[in-house]
Amino acid sequence: MRNISDIIEKYLKSILHESPEGIIEIQRNELADQFSCVPSQINYVISTRFTLEKGYLVESKRGGGGYVRIRRLQLPGPSSLHTHLHETIGEEIGQSAAEGLIYRLEEARVLTPREAAMMRSAISRDVLAVKLPYRDQIRARLMRAMLISLLS
């Protein structure tokens with residue numbers, strides 16, 4: 001059985017997908033009631049699964065009428081995707097940012113699940129067993145090389 005975080009994430013992504021503007025507004029307490037969990041569980045899902053690296057912009061307003069607004073960011077078109085990726089990766093990239101980018105490319109169907117899995121394996125800190133900042137620099141070079149090959 002899937003855990004509650006996976007279920008909440010799937011639900012939020014489904015209503016976000018149905019939104020014509022790619023934006024949803026939710027209230028933490030109402031969503032927590034719907035899933036019989038505490039509001040901090042909703043916070044956890046939003047803060048870990050809806051990050052900027054994964055292609056989401058989250059705005060939050062606290063208080064009585066508070067809400068959370070989640071906006072799905074679009075990847076640039078094919079003509080400027082290479083430039084966007086080069087700017088996003090830069091000269092070095094941390095593992096969580098790299099995994100977020102891979103996740104976003106897989107979700108946008110730019111990468112196949114197999115390609116994404118291979119990339120995640122290659123950029124893992126367990127594989128790149130060197131000290132920082134060299135590890136992040138090597139990871140950036142690997143990411144750029146793999147993406148150029150896959151997207152050309």
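I take exposed to mean over 50% relative accessible area. By that cut-off Ser36, at 68%, is exposed. I keep in mind throughout that this is a predicted model.

**Entry 1: overall layout**

I began with the chain as a whole. I counted seven helices and three strands. Reading along the sequence, I noted the order α-β-α-α-β-β-α-α-α-α. I then looked up the extent of the chain. Along the principal axes, the C-alpha atoms fill a box of roughly 45 × 35 × 30 Å. The chain has 152 residues, and 38% of them are buried.

**Entry 2: α6 against α7**

Next I turned to helix pairs. Such a pair is described by the angle between the two axes and the distance between them. I took α6, residues 113–122, and α7, residues 134–151. Their axes come within 10 Å and cross at roughly 160°. Angles over 145 degrees count as roughly antiparallel, so α6 is roughly antiparallel to α7. I noted the crossing of α6 and α7 as right-handed.

Which residues make the contact? From α6 I listed Glu115, Met119 and Ala122. From α7 I listed Leu142, Met143, Met146, Leu147 and Leu150. I sorted the residues of this contact into seven nonpolar, no polar and one charged.

**Entry 3: α5 against α6**

I repeated the look-up for α5 and α6. They pack at an angle of about 175°, with their axes 10 Å apart. α5 and α6 are therefore roughly antiparallel to each other. On the α5 side I found Glu99, Ile102 and Glu106. They meet Pro113, Ala116, Met119 and Arg120 in α6. This contact divides into four nonpolar, no polar and three charged residues. I marked Met119, which is named in the contact of α5 with α6 and also in that of α6 with α7.

**Entry 4: the cores**

I went on to the nonpolar cores. In soluble globular proteins, nonpolar side chains tend to be buried together. The largest core here has 17 residues. Which of its residues touch the most other members? I wrote down Ile89, Ile102, Leu105, Met119, Met143 and Leu147. Then I asked which helices supply at least two residues each. The list includes α4 (78–89) and α5 (95–107), along with α6 and α7.

I followed up Met143. I left aside its neighbours within four places in sequence. Met143 is in contact with Ile89, Ala98, Leu101, Ile102, Met119 and Ile123.

I placed Asp136 in helix α7. Is Asp136 buried or exposed? Asp136 is buried, with a relative accessible area of 16%. I looked up its partners, not counting residues up to four places away in sequence. Asp136 touches Glu91, Glu92, Ile93 and Gly94.

At 42% relative accessibility, Ala145 counts as partly exposed. I checked Ala145 against Asp6, 139 residues away in sequence. Their C-alpha atoms are 32 Å apart.

**Entry 5: backbone geometry**

Last, I went through the backbone. Most residues other than glycine have a negative phi, and most peptide bonds are trans. I looked for departures from that.

Ser36 has a positive phi, near 50°. I found Ser36 in the loop between α2 (28–34) and α3 (39–49).

Arg109 has a positive phi too, about 65°, although it is not a glycine. Arg109 sits in the loop between α5 and α6. At a relative accessible area of 75%, Arg109 is exposed.

Where is the cis peptide bond that I noted? It runs from Leu132 to Pro133, with omega near 5°. I placed Pro133 in the loop between α6 and α7.

Conventions
Residues numbered from 1 in each chain as written. Predicted model: local features only at pLDDT ≥ 70, side-chain atom pairs only at ≥ 80, totals over all residues. Heavy atoms only, no water. Axes fitted to C-alpha atoms, helices over the stretch in contact; angles between N-to-C directions. Helix = DSSP H or I, 4+ residues; strand = E, 2+ residues; numbered from the N terminus. Parallel < 35°, antiparallel > 145°, perpendicular 65-115°, else oblique. Left-handed = near helix turned anticlockwise from the far one by under 90°. Contact = heavy atoms within 4.5 Å. Nonpolar A, V, L, I, M, F, W, Y, C, P; charged D, E, K, R; others polar. Buried < 20%, exposed > 50% of the residue type's maximum accessible area, 1.4 Å probe, protein only. Core = buried A, V, L, I, M, F, W, Y, C linked by side-chain atoms within 4.5 Å.
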